[in-house]
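Here are a few notes to read next to the model. Have it open and follow along.

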Amino acid sequence: MNPKIRQNVLPVVTALIWGTAFVAQSVGAGHVPPITFNALRCTVAFVTLALGYWVVRTLQRKKNPQAVRPLAARPRDLVLGGLCCGTALAAAACLQQAGLAETSPGKAGFITALYIVLVPIMGLFFRKRVTATIWLSVALAAVGLYFLCINEALTISRSDLLVVLCAFIFSAHILLVDHFAKTVDGVALSAAQFAVAAVLTGIGSLLWETPTAAGIAACLWPILYVGVFSGGVGYTLQILAQKDANPTVVSLLLSLESVFSVVAGAVILHDRLTGRELLGCGLMLLAVVLAQLPARNGIAKAQKA
């Protein structure tokens with residue numbers, strides 16, 4: 001696949017899947033505790049990826065054995081990548097799901113998009129260069145987040161705070177993926193992280209929650225949707241998109257999930273945001289669009305070189 005298409009189209013498709021998944025997660029939050037919900041979705045995602053990838057590699061071996069590439073440059077890269085990315089994914093997903101129990105899908109989607117502010121800042125510690133235009137978009141996103149989350153009494157709700165913490169961990173997850181995707185097969189890394197996340201959330205569910213069979217049955221379809229599409233498909237597309245790409249640019253495209261979450265919440269759940277919250281959403285969307293202008297030019301120059 002053309003690198004330009006992979007690095008720009010795949011994140012947008014991923015954002016669409018993740019944005020609509022906020023609705024499914026919101027429905028699930030009313031029936032299943034957050035850690036249990038994520039244990040189930042991560043298990044579904046792992047099984048989907050593992051079976052699908054096993055079939056693909058089996059067919060490849062029969063057709064052209066030499067075309068089958070190793071899962072990683074070194075086996076320990078796959079193990080370490082799965083552990084690091086899976087741990088970050090489990091923590092972020094549980095915080096997000098807990099926050100969705102008390103806030104709307106659209107609002108949670110835009111708060112999660114805070115990682116567009118955090119990724120370039122955290123990337124400085126890994127010597128990732130950031131342009132002045134991206135910093136301007138970061139500032140706009142921060143102002144937008146203020147209007148979206150902070151009320152007139154200058155307080156933030158518990159649910160919003162949980163989703164903000166989720167954004168911090170998702171930022172680390174994006175940088176971890178950027179690091180390990182260079183030496184590990186993208187689908188294998190995605191399957192490994194979901195295996196780790198499923199184990200961690202499964203243990204947490206047994207220790208701290210008491211889910212019911214009736215609750216799980218009531219949101220079976222949302223669990224399957226976020227497991228197969230948001231998990232298995234979405235996170236794999238994220239990893240494939242980030243390969244040899246600027247993580248800040250990819251994170252900005254992925255943050256379009258916030259727009260899709262608002263649209264999906266309004267159409268499906270009839271959610272509505274206040275004027276102040278819509279202003280915050282608009283500023284964050286402007287930040288995403290602005291930051292993409294130099295990113296595309298940068299990619300074009302790199303290809304010509």
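**Notes on the helices and a loop**

1. In α2, the buried set is I35, T36, F37, N38, A39, R41, C42, V44, A45, L49, Y53 and R57. Buried here means under 20% relative accessible area, exposed over 50%, partly exposed in between (1.4 Å probe, protein chains only). Helices are DSSP runs (H or I, at least four residues) numbered from the N terminus. An α-helix has 3.6 residues a turn, so residues three or four places apart point the same way.

2. Keep in mind that this is a predicted model, with local features needing pLDDT of at least 70, side-chain atom pairs pLDDT 80 or more, and totals for chains, interfaces and linings using all residues. Numbering runs from 1 along each chain as its sequence is written, and side-chain values use heavy atoms, leaving out hydrogens and water.

3. How far apart are the end C-alpha atoms of α2? They are 43 Å apart, which agrees with the 44 Å that its 30 residues (34–63) should span at 1.5 Å a residue; the expected span is 1.5 Å times one less than the number of residues.

4. P75 sits in helix α3 (residues 75–100) and counts as exposed at 68% relative accessibility. Its C-alpha lies 10.0 Å from that of T183, although P75 and T183 are 108 residues apart in sequence.

5. Now the loop between α12 (257–268) and α13 (275–304), where you'll find H270. H270 has a positive phi, near 60 degrees, and is not a glycine. Most residues other than glycine have a negative phi. H270 is also exposed, with a relative accessible area of 58%.

Notes
Helix = DSSP H or I, 4+ residues; strand = E, 2+ residues; numbered from the N terminus.
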